[in-house]
Amino acid sequence: MTESGASLASAALKREELFPIREVSRLTGVNPVTLRAWERRYGLIQPIRTDSGHRLYSLADVEAVRSILAWIERGVSVSKVGKLLARSNAAKAPVMPLHEDVAAGEWSEWRTMVRNAVSTLDEAELERVYGQVFSTYPLHVVFTDVLMPVWQELLLRQDEFGRGSEWVFFDSFLRARVLQRLQMARCGQRERVVLAPLPEQGRELELLVAGVLLGSSDVSVSVLGLGQPLAELAMVCDKLQPQALVLFSNQPPADDLHLQLKRMALGLECPLAVAGEMADLLSEELDGSPLACLGSEGRLMQRRLRQLLAGHLDT
């Protein structure tokens, strides 16, 4: 390691907690050989090296490993994960606060408070923390940087004894409150958007949170249930007359999904868009088509939806 590299590693050690590879393996369940392969072959994680060559991983690296695992469990190949992570980071970068390290530290503290309340199944304490975080940060920060990361951690670990109960407790808590927010937000808005899941994909909370993040002061979002048949969406739109139909999924799309969606768009009177991590995976296949890809990051999804509606209403 060069002198400058050593000083950077020393500064990092002082600034945040770093973990050796064996501890990262314990925390994530990924063996050291695989961690090194992800680094060397795909560049998915970039740990700091000590003078003796040992790898040290930050909390951000640990979270990146868990994100990689989540993508792989959804059927995405390792070779494609790097592109998705880069796109997600690029989408978040423009909306990060000026003092990014300070904000990230604060979000980590809030996540710890949420985890503590969930670990004791203390609904009153969780309600208190939930209310405080909403009074402190914008909506997209609350879900993207505080609540959903904890939910995703518990989801990945729900097979561990005790974690399953914690996940069910937290999932039920959040679904009830997100549904309430959606119902309250539907009062008085001028524009109406229908958000529908792809059949047999995803979990209800992810869909509901997407509905909250897509909505705004002048856009109301109606969320259809997880069992909604894809083939009947044109009929649903004929009845509801929305300004746009948005399909949501965080799962890898079927190989022919982009063709199905293009055919569906021809039979709709309103614009068709896709959102969630599916949108990131389909962006190239849908390039040049009438479908809009809204992405998977909260503020980006909302901004692109408003642009789509504005373009449609101006025609």
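Leaving aside its neighbours within four places in sequence, which residues is Q228 in contact with? Let's start there and then look around the rest of this predicted model.

## Q228 and its loop

Q228 is in contact with P199, L233 and V236, once neighbours within four places in sequence are left aside. The residue is found in the loop between β5 (219-223) and α11 (233-240). Is Q228 buried or exposed? Its relative accessible area is 13%, and buried means under 20%, so Q228 counts as buried.

## P242, on the way to β6

Another loop, between α11 and β6, holds P242. With a relative accessibility of 8%, P242 is buried too. Setting aside neighbours within four places in sequence, P242 is in contact with R192, V194, C237 and C270.

How far apart are the C-alpha atoms of P242 and S220? The separation is 9.8 Å, for two residues that are 22 residues apart along the chain.

Strands of a sheet pair through backbone hydrogen bonds, either parallel or antiparallel. β6 pairs with strand β7 (residues 272-275) in the parallel sense, over four bridges. Across this pairing, L245 stands opposite L272 in β7.

## A three-stranded open sheet

Elsewhere, three strands form an open sheet, and their order is β1-β3-β2. The edge strands, β1 (19-20) and β2 (48-49), each pair on one side only. In this sheet the pairing is antiparallel.

How many bridges join β2 and strand β3 (residues 55-57)? The two strands pair over two bridges. R49 has R55 in β3 as its bridge partner.

Not counting residues up to four places away in sequence, F143 touches F134, M148, P149, V178, V209, V212 and L213. Among these, V209, V212 and L213 can also be found in the list of buried residues of α10.

Why is helix α10 (residues 204-214) described as largely enclosed by the rest of the structure? Ten of its eleven residues are buried, so the helix is largely enclosed. The buried residues are L205, E206, L207, L208, V209, A210, G211, V212, L213 and L214.

## The second largest pocket

Rolling a probe the size of a water molecule over the atoms shows where empty space is left. The second largest pocket contains about 380 Å³ of space. Its lining is made up of 18 residues, and K80, P253, L281, L282 and E285 lie nearest the centre.

Which helix supplies the largest share of this lining? That is α5, with four residues. Both α5 (78-92) and α13 (277-282) supply at least two residues each. By class, the lining of this pocket has seven nonpolar, four polar and seven charged residues.

Definitions and conventions:
Residues numbered from 1 in each chain as written. Predicted model: local features only at pLDDT ≥ 70, side-chain atom pairs only at ≥ 80, totals over all residues. Heavy atoms only, no water. Buried < 20%, exposed > 50% of the residue type's maximum accessible area, 1.4 Å probe, protein only. Pairing = 2+ DSSP bridges. Contact = heavy atoms within 4.5 Å. 1 Å grid on protein atoms, 1.4 Å probe; cavity = no way out; pocket = protein on both sides within 12 Å on 5 of 7 lines; lining within 4 Å. Points joined across faces, edges and corners; volume = space filled by probe spheres on them. Nonpolar A, V, L, I, M, F, W, Y, C, P; charged D, E, K, R; others polar.
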